[in-house]
Amino acid sequence: MHKSDLSYQLERFGLVIVWLAFIALFGALRPDTFLTWSNFSTIFGSEAVLVIVTLGLMIPLTAGDFDLSIAQIVTLVSMTVAILDARMDLPLALVLPLGLALGALIGLINGAITLYFRVHSLIVTLGVGTFLHGITLWIGNSQTISGVSPILMEWVIIQRVLGVPIAFYYAIGLAILIWYMLSYTAFGQQLLFTGRGREVGRLTGVAVDRVRLVAFVLSGVLGAFAGILYTGTTGSANPSSGTFLLLPAFAAAFLGSTCIRPGRFNPWGSVIAVYFLVTGINGLSVLGFRTFVQDLFYGGALVLAVMISQLVSGRKDRGL
Amino acid sequence: MTKMFKGMGLVSALMMASALPALAQDDPAAAAMVNIEAYSGIPEFTPPGDPFDARACMEGKSILTVPASSAIPFIKTIADGKDALAKELGFKHAQWENQGNPTQWIQGMNYAANNGFDVVSLLAGADPRFFEPQVKMAQAAGVKVVTSHLTGLEIPGPAGVDANTAIDYKQAGKLMADWTITQTDAKVNALILVSNEALSTDSLVEGLTEAFAKCPDCTYEIVNVPIVDWATRIQPTVQGKLQANPDINYVIPIYDSMSSFVTPAIAISGKRDTVKVATFNGTPFVLDLVRDGTVEMDIGENLDWIAHAMLDAEMRLICGLEPVTDSKVPLRVFSAENISEVGDPADASKGYGDAYVEGYRKLWNVTK
């Protein structure tokens, strides 16, 4: 369907090329520090939570729904895991499935309200997310809870493969699963149809409501998994920190949709987008720029990448 | 003969006293250790002023406390402590519950002005620079406005307030630097994280830089991360700095709640054995991190002591006594050696002894 001409390939790999150009630029400026394996292991190992939140967001986005509650699912599950483990001394073998089940339940509630009452998912998940934040502050007494079992940290950031913390491989594993699901399963195709046109999907026999509900549940489970990793990364649960993941995750999901499979939310695009942003911020820190420059980069890179992608593709209207 | 011994004793004491500063200059680690040891034990009570009859002069008077945010346990605990003390002393004390929004602080100021309160206490971060007109309006209505636990001793009260009860933040800054100097044998290479918008930051940084100035082989870099960006900026910033400067041996987040973003950055960078964390505030979860070894040292203040000290200063203002600027709230250094004294999980008011409880009651002329 797509022409395999140069401009399409440029569009597909534009972000990767810009990413490599950034690596070359930072490498040329600080070769002794930036171009070291320890620095790349830091880059890859530090944003697994953001990758997973982005992947989680992507599923309802593909079905045409927004899940603004995902960051609060991260925070609530992170807090729940910390309280059950550190304060109530329950075994992790019980705590972790409970955390994932909590994420699934919240996804189910999001989906049920959206579908039964026919309210836009943006409003429902915004409300549910705010409600969840209230619960997090309540159960955690607005405090950071520490003292989580070291074994959780061990299996998130301490254990390393090729020098990179193991959380990175969890994120990549999930990206492979989601890529497979979207590309090779009936559910993946139904998700795409649902997102492209609900009426058309319904007329072609797709159970649109069921597909949207499952998308919300999957998003909840991935948010919960990210929450568990967050607790494992910091060894504690902070009642508000997950909140700050929402905008970067949306930025990465939209930025990711400009590459690899342009015009579609896709897992590899999302992964590349996250690491492109992280590389830029890491490089600026290594070069000694002040922290406000990171905001300039985050916002500037997003707008610029989307503009370039549109120019390369001949400024056609986006379906997203 | 006895006279001669006495004379020799005096001479040697004088010689030792004059040698101490020289020793401090020659050996920065030894000088720093003197400071650390002075703040490692259970603190003593130092009266902030002369005794007075609190019950008599506070009869019929009232104080409204506007906390920076009632949702922050550190601040809420202090405000609740003031409530309990006012009840014990028999006068009216109320809290203007809020969630840290300056609009809510302004509502609190208006409430105080319209309801005949004698003092409004802006507690632990409710910054009057955000609502100067309302401060003037309350003062015009006869309400005295006090900032409590907001600035260091060197900083004057902001926005024309009537009094400013301060904390020795500069000493806290010195202690953080001194700790790292003692632990590295005066070869510190520190990354210091600050948030410039907080009024206490200036004093903390002044203390840090003053202490490091006495250590010729110590280097440091100060990085500002605004409070709203802690969750997103601290981790990548610390990771980047640890890569750019592999000789860093200490990260000093000047507010200990930053630690939850600093410690993963150190772990991900694979530097848990070489980079340590020294910090300030005594927040319970960070004291727990000191117990498990993730954070090496945390300087704390007793929240109940703060409640006593702030109320004492506010009562003195109402009673027409000499205003108190130096609250004399002590600091204590918590490390692996004494962390068992704070409870498990840590309690914000444990580990400081209870000398202040009796001390303040004697000062106020009441017996418990």
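In chain A of this predicted model, A:Ser219 belongs to helix α12, which covers residues 208-234. A:Ser219 counts as buried because 32 C-beta neighbours lie inside 10 Å of this residue, where 20 or more are required for that label. When neighbours within four places in sequence are left aside, the residues in contact with A:Ser219 include A:Gly56, A:Leu57, A:Ile59 and A:Pro60, and also A:Asp67, A:Ile70 and A:Gly107. A:Ile157 stands 62 residues from A:Ser219 along the chain, and 23 Å separate the C-alpha atoms of the two.

Chain A also meets chain B, in a contact that takes 31 residues from chain A and 31 residues from chain B. On the chain B side, α9 (230-244), α10 (259-268) and α11 (284-291) each supply at least two residues, and the largest share, 11 residues, comes from α9(B).

Within chain B, the domain assignment gives domain 1 (54-167 + 302-330 + 354-363) and domain 2 (170-300). The centres of these two domains of chain B, taken over C-alpha atoms, are 30 Å apart, and 9 residues of domain 1 are in contact with 6 residues of domain 2. Strand β4 of chain B (residues 144-152) gives the most to the domain 1 side of this contact, with 3 residues.

Technical notes. Residues numbered from 1 in each chain as written. Chains lettered and ligands numbered in written order. Predicted model: local features only at pLDDT ≥ 70, side-chain atom pairs only at ≥ 80, totals over all residues. Helix = DSSP H or I, 4+ residues; strand = E, 2+ residues; numbered from the N terminus. Buried ≥ 20, exposed ≤ 12 C-beta atoms within 10 Å, placed from the backbone. Contact = placed C-beta atoms within 7 Å. Domains from an automatic or database assignment.
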